[in-house]
Amino acid sequence: MAVELNELRDQIDIVDKQILDLLAQRLSLVEKVGEVKSEHGLPIYAPDREAAMLASRREEAAKKGVPPQLIEDILRRTMRESYASEKDSGFKCLNPELRSVVIVGGKGQLGGLFGRMFELSGYEVKVLGSQDWDRADEILDNAGLVVVTVPIHLTQGVIEKLSNLPSDCILCDLTSIKSKPLQAMLNVHQGPVVGLHPMFGPDVPSLAKQVIVYCNGRDEESYQWLLEQFSIWGASLCNIDAGEHDHGMTLIQALRHFTSFAYGLHLSKENPNIDKLLQLSSPIYRLELAMVGRLFGQDPNLYGDIIFSSQENIDMIKRFHQCFGDALELLDGKDKAGFIESFNDVSEWFGDYSSQFMSESQNLLKQANDAIHRG
C-alpha cells in the first residue's frame, strides 16, 4: 500500500509542477496585458470580461467533472495576483498637461499609496509633510491638484492653510468624513473642489475592485479626468451627497469599530487563553476574532478620530446600547418566544439579502478554514 501511495503522490507532485509552470506562463501573459492596457488607457479591472471568463470556465469545468467553484476559487485568487502585477506596468496619464500633484500628508501610508499611483501614471508628485510648512508656498506653487490626507482632527486646520492655491487647482481630501472637510475646502478655495473617501486601507495590493466615494463640490467638469484616472487604476466610483455619506459611515465605520472595541475590551477583562479559543473556534468565530484583533493591531488615534468625529456617531452608538439593553430584557425574562419573534422580524427586514450573505459568508469561511493549519 505504501508503494502504491507513494507512486500516486509522485504523480501529484508532477501535476503540481505543471500547474506552477502554467501559472508562471499566465502571469507572464498578464504582464503583457498590463503593458497594452497602460498604453491605451484601459482600466486594469474589467468586470464584464471577468464575469464572462468565470462563467465560461465554470461551464468547462463542469463538463470535465471538476467542481465549478474550485476553478472559480483558483481563478479569482490568480486574478487578484494579476491585478497587482498589471499595476507594475504603470497607467496611462489622462491629464499630461497637469501641473504638479501635491499630497498634503503624503508621508503617511494612505498618502504614500496615492502618491505612488499618481507617479505610476506619469504625474509629477510633491509631498507636503508636517515638517514642511515653512516651505509650503514653494511646494504648492503652480500646483494643479492638491490632495489632503491627514488625520481627521487635523483636516480642517490644514485645509484652512490652503487659501493661496492657483484658481484652477483642484482641491480634494481623502478623509472618512465628508460634510465638514468639503465645506471647509469650498470656503477656502474658489476653484474646483471634490471630497473623496477611499473605502480601503493603504495595504491593498492594487485598487482593482476597491471603492472610492466622491462628493461633488464645485466645477465638476474640471475633475472628471481625475475620476476617470481612478477608474483606470481599477477603482469603482460611488457618487453620493456628503451628508448622506456621513450618515452611512455612522453604521459602516463608527458603530462597527466601536462594537469591535467593546468586544475586545470585554475579552481583555475576561482574560481567556487566546490559543485555547483558537483551538475551539469554528471558522466563523476565528474570522470574527481575527477582525476584532485586527482593530487592535492598528493606530488607536485613527479609530478614535473616526468614532469621536461627530455627535451623530455617539448618538447612534447610544441607540445601539439601548437596543442591546432591550435584547437583554428578553434574556432576563427568559422570553424565548420573544427572542424568536424578534429574530424573525430582523430576518424579514434583511429579506433576500439573508440568502445572499449566507452564500458570500460560506465562501469566506471556506477560505478562512483553508488557511488554518492544525497540527
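# Salt bridges, charge and backbone

User: How many salt bridges does a search of the whole structure find?
Analyst: The search finds 11 salt bridges, a salt bridge being a side-chain nitrogen of Lys or Arg within 4 Å of a carboxyl oxygen of Asp or Glu. This is a predicted model, in which local features need pLDDT of at least 70 and side-chain atom pairs count only at pLDDT 80 or more, while totals for chains, interfaces and linings use all residues. Residues are numbered from 1 along each chain as its sequence is written, and side-chain values use heavy atoms, with hydrogens and water left out.

User: Which residue forms a salt bridge with Arg76?
Analyst: Arg76 pairs with Glu72, the closest N and O atoms being 2.9 Å apart. The two residues are four apart in helix α3 (residues 68-87), so about one helical turn separates them; helices here are DSSP runs of H or I with at least four residues, strands are runs of E with at least two, and both are numbered from the N terminus.

User: Is Glu72 buried or exposed?
Analyst: Glu72 counts as buried because its relative accessible area is 13%, whereas Arg76 is partly exposed at 36%. Buried means under 20% relative accessible area, exposed means over 50%, and partly exposed lies in between, with a 1.4 Å probe and protein chains only.

User: Where is Lys107, and which parts of the chain does its salt bridge with Asp132 link?
Analyst: The side chains of Lys107 and Asp132 meet at 3.5 Å, N to O. This pair links distant parts of the chain, with Lys107 in the loop between β1 (100-104) and α4 (109-120), and Asp132 in the loop between β2 (125-128) and α5 (136-140), 25 residues apart. Lys107 counts as exposed because its relative accessibility is 62%, while Asp132 is buried, with a relative accessible area of 10%.

User: What about Asp173 and Lys178?
Analyst: Their side chains meet in a salt bridge of 3.0 Å, N to O. Asp173 counts as buried at 0% relative accessibility, and Lys178 is likewise buried at 0%.

User: Changing topic, what is phi of Lys209?
Analyst: Phi of Lys209 is near 70 degrees, a positive value in a residue other than glycine. In general, most residues other than glycine have a negative phi. Lys334 also is not a glycine and has a positive phi of about 50 degrees; Lys334 sits in the loop between α13 (311-332) and α14, and is exposed, with a relative accessible area of 74%.

User: And how many residues has helix α14?
Analyst: Helix α14 (residues 336-350) has 15 residues and reaches 21 Å from its first C-alpha to its last, close to the 21 Å expected at 1.5 Å a residue, where the expected span is 1.5 Å times one less than the number of residues. After α14 comes Gly351, whose phi is positive, near 60 degrees.

User: Last one: where is Asp16?
Analyst: Asp16 is in helix α1 (residues 2-40), and at 38% relative accessibility it counts as partly exposed.
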